[in-house]
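Dear colleague,

Here is the structure I said I would pass on. My notes follow below it.

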Amino acid sequence: MELIKVEDLRKTWKWAWLWIRTLLLLSIPVVVLGLFFLIYINVLGPPPLKVPQTTIFYGSNGSIIGEHEPLGQNRFWVKLDDVSPHLVDATIAVEDRRFYSHHGFDYKRIAAALLADIKAGAKVQGASTITQQYSRNLFLAPDKTWERKLKEAFYAARIEANYTKDEILQGYLNTIYYGHGHYGVEAAAQYYFGKSSKELNLAEASLLAGVPKGPTYYSPIKNIENAKDRQQIVLDAMVATGTISEKEAVDAYKTPIEIVGKSALPEEKASYFQDEVEYLLKNKVGLDPDEVELGGYHVYTTLDPKLQKKADYWVENTIPDTSSIQVGMVAIDPRTGDIKAMVGGRSYEESSYNRATQARRAPGSTFKPFLYTAALQKGYTPSSLLRSERTTFYEGEENQYTPENFGNYYANEEITLAQAVALSDNVYAVKTNIFIGTDQLVKMAKKFGIKSELSSIPSLALGTKPVGVLEMTSAYSVFANNGERSEPRFIKKIVDYKGDVVYEQEVERKQVIEPEYAYVMTDLMRGVFDERLNDYTRVTGASVSGLIDRPTAGKTGSTNYDNWIIGYTPQLVTGVWTGYDKGKTLHEFNDVLYSKNIWAHFMKDAMANRPITQFSKPKGVVAVSVNPDTGLLSNKNCPEKRVSYYIAGTEPTQYCEGKAVETKDEKPKPTNEPQPGLFKRIWNWLAS
């Protein structure tokens with residue numbers, strides 16, 4: 001055996017050391033550059049990972065009432081915990097098995113892909129990790145240039161340096177394209193299987209995980225055979241990674257799968273309401289319009305889908321298709337101010353103009369309760385008497401003003417405040433407005449939340465200045481809620497795509513009038529549906545009083561162009577306006593009935609199966625049995641009576657002195673049967 005010479009060893013070592021030094025010298029710039037690169041990407045910080053996503057609107061019961069898709073792309077963001085573990089395991093197994101062990105680049109996979117490409121003489125195997133695919137989805141165009149590859153590596157490094165593996169995987173699953181315009185696992189699961197991604201079983205998850213490889217080629221809708229072939233590859237990969245057994249893979253492949261092929265989301269509801277919510281998001285909440293369009297927010301609203309369905313139903317089934325009359329309708333929970341239902345018109349497709357929030361119309365006599373609240377505070381009582389007869393007033397020095405009662409019916413005698421409310425007597429209202437001072441009505445209306453422009457004129461008592469349906473309905477909630485005003489609320493909270501609450505609106509309450517005045521006014525407005533209050537004509541709510549089956553108060557109002565009713569129980573306030581968009585005169589025998597019928601049927605339907613609740617009587621209010629015609633205490637001479645409520649100390653103390661009703665034997669015996677007065681007998685005779 002020939003011995004290696006020492007000189008040869010020295011030469012070998014010399015050359016080896018030369019190469020080592022050369023490599024070390026060459027590696028220094030690489031290491032330095034690597035350090036600088038790491039420092040640079042850390043200084044840059046995390047890249048923004050937001051992508052265009054579908055904004056979802058929820059009703060008060062948590063159900064989806066609508067969505068806002070970005071650029072025609074259906075996207076929803078879900079947390080990793082809300083994705084089926086089967087789908088997570090399947091995705092990692094088939095896309096990036098070493099995802100949790102590499103730092104954005106799988107060098108073993110890159111080497112294997114290069115060898116496979118060299119052997120085949122073409123690109124046959126991909127080596128992109130989940131992180132690289134994620135960066136491509138977020139920032140890059142789907143081309144195959146070296147420039148894009150370098151950018152992809154750059155963004156992948158930034159993502160890995162600034163986000164956890166779970167955050168990266170969550171982002172990937174929410175941005176990957178699954179075909180048919182659906183991005184992310186949630187949108188895809190809803191589309192293909194009609195269920196959430198959290199509910200997917202192993203068979204469904206393995207089928208879905210194979211789609212991103214070729215969303216068109218492997219779509220189970222377009223080609224189920226290709227999709228099943230790809231599913232087998234996914235299941236084999238899961239067996240190889242140890243997440244499932246071979247038996248589970250076989251069973252999953254054989255499991256029948258129902259392909260839905262459409263979104264499981266319901267059709268959009270309450271489009272007028274949604275428009276108002278979007279307006280508030282942009283103009284009150286302060287979100288950028290692009291954020292609203294593309295931000296993937298979860299907007300939790302106050303809308304009650306069941307009540308909305310009832311509102312839509314009664315509007316549609318009350319007004320005939322042959323009529324062009326329009327409607328504005330709002331239902332509010334007076335305790336919170338929550339908008340529970342809204343109708344802005346008869347057809348959103350034909351007109352998106354929201355007559356409940358955008359239109360301003362004369363409210364007619366529905367404005368009178370604000371006047372009479374001010375009058376009560378100035379010393380009026382339900383028994384206060386004023387003469388109802390045709391009267392001319394002056395607005396200014398020259399303008400004469402002669403209000404007319406509906407149908408030109410006047411008592412031509414003194415009537416009580418209770419009768420004036422129930423009959424909607426206009427002369428009584430204008431006289432009262434003048435007596436207490438016309439500025440008092442303006443001040444009171446503002447207290448109740450009326451924001452529209454008003455004028456201190458006598459005719460304001462009859463609602464001659466235009467207001468909105470929403471502001472009027474909200475104002476009436478003060479009566480229903482013991483004098484406490486709750487600001488109208490459309491949105492409860494907003495959650496961003498990460499699950500963080502970015503906005504939350506609490507209930508805003510303010511006591512604007514004393515509870516006793518609210519209660520007395522409520523009792524007066526209950527008289528709108530009580531025909532015992534008058535002899536000479538019908539109370540204004542008589543036509544729908546048969547539908548009232550619980551304590552209910554309200555007020556009607558009409559002009560030549562508008563018809564209103566706003567009424568309430570302790571749990572719900574509803575306002576309805578009907579009229580024509582272009583100021584067309586209402587047809588007396590048809591158009592004037594629509595608002596009442598919509599309101600009454602909706603309220604009866606909305607309150608069905610709810611407990612019957614009494615209006616809460618506060619301290620400082622007393623109940624007295626009075627004669628409706630005189631407002632004095634009922635006795636044997638005036639047997640007709642009605643229980644009325646008064647602020648303590650203002651109740652009548654004098655008894656009625658009317659003539660006793662005589663029987664056929666001419667013995668003066670009192671009777672409990674009320675007898676119609678002269679004017680009512682004439683009215684009944686004319687109507688017969």
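Does Cys 638 count as buried or exposed? At 6% relative accessibility, Cys 638 counts as buried (buried means under 20% relative accessible area, exposed over 50%, partly exposed in between, with a 1.4 Å probe and protein chains only). Cys 656 is buried too, with a relative accessible area of 5%.

This is a predicted model, in which local features need pLDDT of at least 70 and side-chain atom pairs count only at pLDDT 80 or more, while totals for chains, interfaces and linings use all residues. Residues are numbered from 1 along each chain as its sequence is written, and side-chain values use heavy atoms, without hydrogens and water.

The structure holds 1 disulfide (a pair of cysteine sulfur atoms within 2.5 Å). Cys 638 and Cys 656 form it, with their sulfur atoms 1.8 Å apart. The torsion about their S-S bond is about -50°, so the disulfide is left-handed. The two cysteines are 18 residues apart, Cys 638 in the loop between strands E19 and E20 and Cys 656 in the loop between E20 and helix H21. Helices (H or I, at least four residues) and strands (E, at least two) are DSSP runs, numbered from the N terminus.

Strand E5 (residues 298-301) pairs with E1 (residues 55-58) in the parallel sense over 3 bridges, and with E13 (residues 491-495) in the antiparallel sense over 4 bridges. Pairing requires that DSSP finds at least two bridges between two strands. His 298 is the bridge partner of Ile 56, and Val 299 stands opposite Ile 494.

In helix H17 (residues 438-447), the buried residues include Leu 441, Val 442 and Met 444. Just after H17, Gly 449 takes a positive phi of about 105°.

Regards
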